[in-house]
Amino acid sequence: MPLICSMDHYTLDQIPHYRRQFIDARLSKFLRDFSIKKWPLDCVDLIKNIRDDKRIPLQIGVAANVRDKFDAVSRYVEEENVYQIILNRNKVRYPFQNSRDRRLNFTIGHELGHIILDHLYIPDTLKNDEERHIEDLEANEFAGKLLMPKKILLSCNFVSFPAVAEYFNVSTTALWMRLNNLQRLDLLSSRKSKVCNVCGNTQMHYVAKFCCICGNKLENNLNGIERTHYFDGVKLDRYQEACECPYCGDSSGYWFNGVCSKCNTMLYNYCHKGLYVDKGGCIYENPGNARFCEMCGSPTYFFSMGFLKPWEEARSLMLANAVAEGSMEYSF
Ligand SMILES: [Zn+2]
Ligand SMILES: [Zn+2]
Ligand SMILES: [Zn+2]
Ligand SMILES: [Zn+2]
């Protein structure tokens, strides 16, 4: 049986249940307030946006020539009613280049956690070690959920541990801790599947040579991390024929030779090139959501006719809907 959790490093049981709910509520509001809908996140960009937005009074400082071991620290300056996050320039290489640099992303997420969870109002000197320890665990939990939302993380294709860490812009340690708290370390040894590394599509015919969503050549390009399901296609019956005409909506079924009897639209998602066999096209009937022919990579009939949105647009629409419906909010 694969290891799903190492109890030595499991920290969630130390955070009281009502505080975990509080973290989720605050994080939810934070994501809404700053319209965070896309991952991976770059927390350096994020804190700059927060500073410029001004709803949370924030100053960003950089400390140079300090020998301290910290990557970043945060504090609240009561007299000025402002939060400060100080980055340690000696420790920071930005933009991030490797797993070690990406530690900073989690550290900033952690400091943001202290701010958003109201830890900083009470001066450190008034807290005992135990209280400080719990606050750090809470800030870690906030950062983990912020950078690696459960819903996205658990549906990932774990091609390799470093690749997934890089995908989320975190260090391998941060990823390991997050998976451990979710009790899903088993994912590190899970079976890899075929995922297009451009658009995240997972549905491809076993003989397909091109991704039917983005037209990417599949050979050696099936190590994508984030999976995306493109459900937005024209619905086909089991003979690959559209259930209703994608142009005029006719569903009478009085069709002849795969052509709508009302408007002459073709009801199969042919390889568009195949419609002009003299141009060397292939003859292939593609799935209803195919923008590109799985066999030769040229645009499909449905896509050329404008029945399907470009995949980038379809993907951001799906993400926006997921956030609007709130399904992302329960997925930390
Ligand atoms: Zn801390
Ligand atoms: Zn693709
Ligand atoms: Zn029609
Ligand atoms: Zn083709």
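Contacts between residues 24 or more positions apart make up 60% of the chain's contacts with a separation of 6 or more; two residues are in contact when their C-beta atoms, placed from the backbone, lie within 7 Å. The model is a predicted one, in which local features need pLDDT of at least 70 and side-chain atom pairs count only at pLDDT 80 or more, whereas totals for chains, interfaces and linings use all residues. Residues are numbered from 1 along each chain as its sequence is written, while chains are lettered from A and ligands numbered from 1 in the order in which they are written.

Taken along the principal axes, the box filled by the C-alpha atoms of the chain is roughly 80 × 40 × 40 Å. The chain has 332 residues, of which 33% count as buried (a residue is buried if 20 or more other C-beta atoms lie within 10 Å of its own, exposed if 12 or fewer, and partly exposed in between, with C-beta atoms placed from the backbone). Nine helices and five strands make up the secondary structure; helices (H or I, at least four residues) and strands (E, at least two) are DSSP runs, numbered from the N terminus. Read from the N terminus, the elements follow the order α-α-β-β-β-α-α-α-α-α-β-β-α-α.

The domain assignment divides the chain into domain 1 (7-187) and domain 2 (193-332), with bounds that come from an automatic or database domain assignment. Between the C-alpha centres of domain 1 and domain 2 the distance is 39 Å. Where the domains meet, 17 residues of domain 1 are in contact with 14 residues of domain 2. On the domain 1 side, α1 (17-33), α5 (150-154) and α6 (161-167) each contribute at least two of the residues that touch domain 2. That side of domain 1 has eight nonpolar, three polar and six charged residues (Ala, Val, Leu, Ile, Met, Phe, Trp, Tyr, Cys and Pro count as nonpolar, Asp, Glu, Lys and Arg as charged, and the others, Gly among them, as polar).

Three strands form an open sheet with mixed pairing, in the order β1-β3-β2; two strands pair if DSSP finds at least two bridges between them. Because β1 (58-63) and β2 (72-77) stand at the edges with a single partner strand each, one side of each has no neighbour in the sheet. From one strand to the next, the twist averages 20° (axes are lines fitted to C-alpha atoms, for helices over the stretch in contact, and angles run from 0 to 180 degrees between N-to-C directions).

Six bridges pair β1 with strand β3 (residues 82-88) in the parallel sense. Here G61 lies opposite I86 in β3, and V62 has L87 as its bridge partner. The pairing of β2 with β3 is antiparallel and also has six bridges, with Y76 bridged to Y83 in β3. Four residues lie between the strands in the hairpin of β2 and β3, where N81 takes a positive phi near 45°.

Helix α2 (residues 43-53) and helix α3 (residues 103-116) pack at an angle of about 35°, and their axes are 9 Å apart. In this contact, C43, V44 and I47 of α2 meet N105, I108 and G109 of α3. The contact residues comprise four nonpolar, two polar and no charged.
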